[in-house]
Amino acid sequence: MVGPDHTTAKGAGRVLVMSTIAFTLMFAVWLMFGILGVPIQQEFGLSDVELSWISAVAVLNGSMWRLPAGILADRIGGRTVTLILLFATAIPAFLVSFANSYLWLLVLAFLVGFAGNLFSAGVAWNSAWFGKERQGLALGVFGAGNVGASVTKLIGPGLIAATAGSTFILGIQGGWRLIPVLYAVLLVIVGVATWIIVPRVDRAPGASKPLAETLQPLKQVRVWRFSLYYVAVFGTYVALSAWLPKYYVNNFHVDLATAGLLTATFIFPASLLRPLGGWLSDRIGARSVMYVTFAVMLLTSGILMMPNGHLVIAHADGTTTEHLPFHLELPWFVALVFFLGCAMGIGKAAVYKHIPEYFPDHVGSVGGLVGMFGGLGGFFLPPLFAYTKAASGFPTSTFFVIFILVALCAAWMHVTIHRMMTRATPSTASLIEPELEAVS
């Protein structure tokens, strides 16, 4: 049994390394249809709506089981859950290469989506092995596996073009069909390596707890507040990772390859700065980091949501004048999106630093619920982006949605902290007043 104030155990480094490698690969598999969708659409003659559902069902299935995955990792150990997910995901990933209908693609994309659920299992796994003083950094390093979202975007187009029309062993075809086969092989390799490298005797802090006790913290409003925070910093990350390529093509008239590279300037900081967010949370506190995160996100999204154009004032004499022209050029847009990604990367780690601090005995269940809602945000936000654009006519309404979401989170957090400080005022005053009397 692992206590709530356990120390970092021998073998924790191996757990962190292998869980991070596995998560990076699984994240790449989870979101691979973002790039594969282009040649898939051409081959099967799919509409944009039909194509969007292929990625959507993968994102949905990679979110909805995060709570059970986290609970299982607490009860039977993260090692077992990770191995099951790696080997189980390899099967539908391999079969994607042989899909010959739209329905078959939807079914396999849904099954491949199980890859996304590794996140909550990995959070519970690392939390069980690392002591409180190192949990923030460890969870930040593990969470940096989000960078897997950019793997297919960077290597996919070139590999697809180089192998198109080729046939390999076992009748495997080149082009887009080769990518899922390669991922399936890598999933098996990483699974075997994980089985060999990480400690055989795992830590399972929730092994002896009744399920009702495991789910008890989910009744607290604090858990749902953390979930909304994670929608803002992770759900928007998933949504923008899929949305930005088309945004660049439609609004800045760049080609798809360039749009993919520009999107990577958002994905990399939003993923690789997660360890920094964990380290800062360990040093100055997760709450302080969240204040900075929300401030930067509000500033950047507030500028990005402003539509290009100018104000027209109609005067009493019938004349009109134009004022305050605004136009955001591509370099400025890329820079602002980069800083938005930086804030998300740091903020994702800060949200999860809260969980082992407030719920040291229930990291799996609480982390699973928070991760589930974050992933579901990545499922629901793209349609919301589309609807607001259709209603307003402004493509920048995408960032208006993000601004409102972040503003709600920041307001809820600040009001909660203010109430906590107000309740603590009597005891604080009793400590301060004697000092003031002595000075006077």
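Ala, Val, Leu, Ile, Met, Phe, Trp, Tyr, Cys and Pro count here as nonpolar, Asp, Glu, Lys and Arg as charged, and the others, Gly among them, as polar. The model is predicted, so local features need pLDDT of at least 70 and side-chain atom pairs pLDDT 80 or more, while totals for chains, interfaces and linings use all residues. Residues are numbered from 1 along each chain as its sequence is written, and side-chain values use heavy atoms, with hydrogens and water left out.

Select the second largest pocket, with about 280 Å³ of space. Ile35, Lys153, Pro157, Leu256 and Ala257 are the closest to its centre among 13 lining residues. By class, the lining has 9 nonpolar, 3 polar and 1 charged residues. Helix α9 (151–163) gives the most to this lining, with 5 residues.

A pocket is an open set of points on a 1 Å grid over the protein atoms alone, where a 1.4 Å probe fits, with protein on both sides within 12 Å along at least five of seven lines; lining residues have an atom within 4 Å of a point. Volume is the space filled by probe spheres set on the points, which are joined across faces, edges and corners. Helices are DSSP runs (H or I, at least four residues), numbered from the N terminus.

Next, select the largest pocket, about 1,200 Å³. Its lining has 34 residues, with Ser52, Ser55, Ala242, Trp243 and Lys246 the closest to the centre. Helix α3 gives the most, 9 residues.

Finally, select serine 227 in helix α12 (residues 221–252). Its side chain reaches the backbone oxygen of valine 223 at 3.0 Å.

Definitions and conventions:
Helices (H or I, at least four residues) and strands (E, at least two) are DSSP runs, numbered from the N terminus. A polar contact is a pair of N or O atoms within 3.5 Å; within protein, one must be able to donate a hydrogen and the other to accept it, and residues adjacent in sequence count only if both atoms are side-chain atoms.
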